[in-house]
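Dear colleague,

Please find the structure below, together with its sequence.

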Amino acid sequence: MIRRLFIANRGEIALRVIRTAQAMGITTVLGVSSADAASLPALMADETVLLGPGPSSQSYLAIDKVVAAMVSADCDAVHPGYGFLSENAAFARAVADAGIRFVGPDIKTLEGMGDKLAARALALEAGLPVLPGGEAATREAVHARAAEIGYPLLLKAVAGGGGKGMRRVDRAEDLDTVLDMAQAEAQAAFGNSAVYVERFVAKGRHVEVQLLGDGTHAIHLGTRDCSIQRRFQKLVEEAPAPAMPEAARAGIEDAAVRLARHIGYRGAGTAEFLVDATDFSFYFLELNARIQVEHPVTEAITGVDLVEQQLLVASGKPLALTQAMVRPFGHAIEVRINAEDPSADFRPAPGRITRAAWPAGTGVRVDTHISAGGEVPPFYDSLLGKLIVHAPSREEAVARLKAALAGIRIEGVPTTAGLHARIAADPRFALGGVDTGFLTGLAE
Amino acid sequence: MSDDLPLNAEDIAEIAAIIEASPYRELDLSTRRFRLRLARADGAETGLTQEWQWAGSGPEAVVTAEAEHAADPDAVAAPLPGTFYHAPQPGAPPFVTVGDEVGPETVVGIVETMKLMNPVHAGLAGTVAEVLAPNATMVAKGQPLFRLA
């Protein structure tokens, strides 16, 4: 069993991991940048180690510093959270070389899935459908690929995830400018500027499947629909995927499990699919080899603590859950409350939080690291917290979401709470099953 | 320090249910470590809110302190705080150099804030006379980046 767990992350997910680890009797050690030294996760962790200054490249992304910190703190395992180094194979290797367990999949899985192109190839091997597109290593190759696929298209970071480095290109004359931006963003987020090209599907839904595996067995914990996105950042996530025939949902879940078994997946992971909103045909996009931001909606409907499962599997225990034991109940919706300015095209807005009144009550869960007096540094992403509601039916969950959003009061920085209230009030959202173009049609 | 994590999400939901079923408007609990206020939400017909304050949790002076910058009509200012870059990527030539003609829509730099690359547009027409902020440095919102002539 894990005795001392290092947490190589920050924000709400660091706090989330600390809570479950402490409940399991594990001592938690949090690596912090100087900008986060007085954060709530730092206060809650049993111990903290200073990694370096605020910018991620000198702290949370600095593999040598993070590994040195966990070695000096005598940790026997590390939870990487999401983002940062969570899917970095070089990091996982450095951790393994230091004799420390990595709470995540095998290094070869990270290599296969971290490289989104290799992931496409593995999915094809497992018999999953993928979108037209592929590798484009040079500027000339990007142009050639674009000419072959046609516009609009998507540029995606090969090392990507979380929408960073992902940009839509509508016209050939924009390709060079957008390519520069995508590469710079990919470099900043992942330390790797390589991008690839994929066809853009206009009427698509983003549906994903939560997976758990122990290297031998793999099961799914149902679907999540994350179609409501802006700048390829998910804003609203729900479980299960609504307004979808049971057979279509089962087909996607089976495909995800097939991929997990094909690669001998170990730990928690998520297979992402693009689903045609009209006929429910689906294409494999990527497999995220980590805990996802939106994991709480799956926890809400299944009652499974996914972080606990991750820690158990990382300890070397076989999966105790079987597919038959997973019995989803009701409907859950998560909205991301971000520090962003709705009056300036939702530009990230760092600053000082003067008041944070989060919703509370039956069927309401809030995962946040933000309380009054907290600082939102400009170095990291804009997520302030996640509001998760759960109810027996989707209709009741939407009603609960509306009530919760009406009470939320965050002061000091502008937030996306108002945007979510508009989304919750939209009749298309009430029906369910919207596509990724939803936000463009949203009433002011 | 925290094998006694004060209250988990289930505890909060239970306390909220107790308040909702009671004639009370709020619960305000202060300890040495934290203060929790659970109250009926302002302006909302139903529901409660939770407000936490933690002893010892507070900001270190970071970089967001918004300096008052003299409004220089010839300056291109940072639209938001973050790391200012002269070039689209390391090693690439800068977007603009002294002597370049720019128009309002010309991209003159990038400010990286919260992992997002935000293009900086000149906002006005002119000739770049001086580069005021060095490459790859933290800038505050409104800080002058270039002076135009």
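Helices (DSSP runs of H or I, at least four residues) and strands (DSSP runs of E, at least two) are numbered from the N terminus. By that definition, chain A has 14 helices and 23 strands. Please note that this is a predicted model, in which local features need pLDDT of at least 70 and side-chain atom pairs count only at pLDDT 80 or more, while totals for chains, interfaces and linings use all residues. Residues are numbered from 1 along each chain as its sequence is written, and chains are lettered from A and ligands numbered from 1 in the order in which they are written.

Chain A as a whole

The radius of gyration, taken over C-alpha atoms, is 21 Å for chain A. A residue is termed buried if 20 or more other C-beta atoms lie within 10 Å of its own, exposed if 12 or fewer, and partly exposed in between, with C-beta atoms placed from the backbone. Of the 444 residues of chain A, 59% count as buried.

Strand S10 of chain A

Two strands are said to pair if DSSP finds at least two bridges between them. S10(A) is joined by 11 bridges to the antiparallel strand S13(A), residues 266-276, where Ala271(A) stands opposite Val209(A). With S11(A), residues 218-230, S10(A) pairs in the antiparallel sense over six bridges; there, Gly213(A) has Ala218(A) as its bridge partner. S10(A) and S11(A) form a hairpin with three residues between them, and Gly215(A) in the turn has a positive phi of about 95 degrees.

Where chains A and B meet

Residues are in contact if their C-beta atoms, placed from the backbone, lie within 7 Å. By this criterion, 51 residues of chain A are in contact with 45 residues of chain B. H8(A) provides the largest share of the chain A side, eight residues. By class, that side has 25 nonpolar residues (Ala, Val, Leu, Ile, Met, Phe, Trp, Tyr, Cys and Pro), 11 charged (Asp, Glu, Lys and Arg) and 15 polar (the others, Gly among them).

Strand pairing also crosses between the chains: S19(A) and S3(B), residues 48-54, pair in the antiparallel sense over four bridges. Thr49(B) is the bridge partner of Pro359(A).

A sheet in chain B

Four strands of chain B form an open antiparallel sheet in the order S8-S7-S5-S10. S8(B) and S10(B) stand at the edges, each with a single partner strand, so one side of each is left without a neighbour in the sheet. Within the sheet, S5(B) and S7(B) pair over three bridges, and Phe84(B) stands opposite Val111(B) in S7(B). H8(A) packs on this sheet, touching S7 and S8 of chain B, and its direction makes about 135 degrees with that of S8(B). Axes here are lines fitted to C-alpha atoms, for helices over the stretch in contact, and angles run from 0 to 180 degrees between N-to-C directions.

Yours sincerely

Key. Contact = placed C-beta atoms within 7 Å. Rg over C-alpha atoms; globule rule 2.2 N^0.38 Å.
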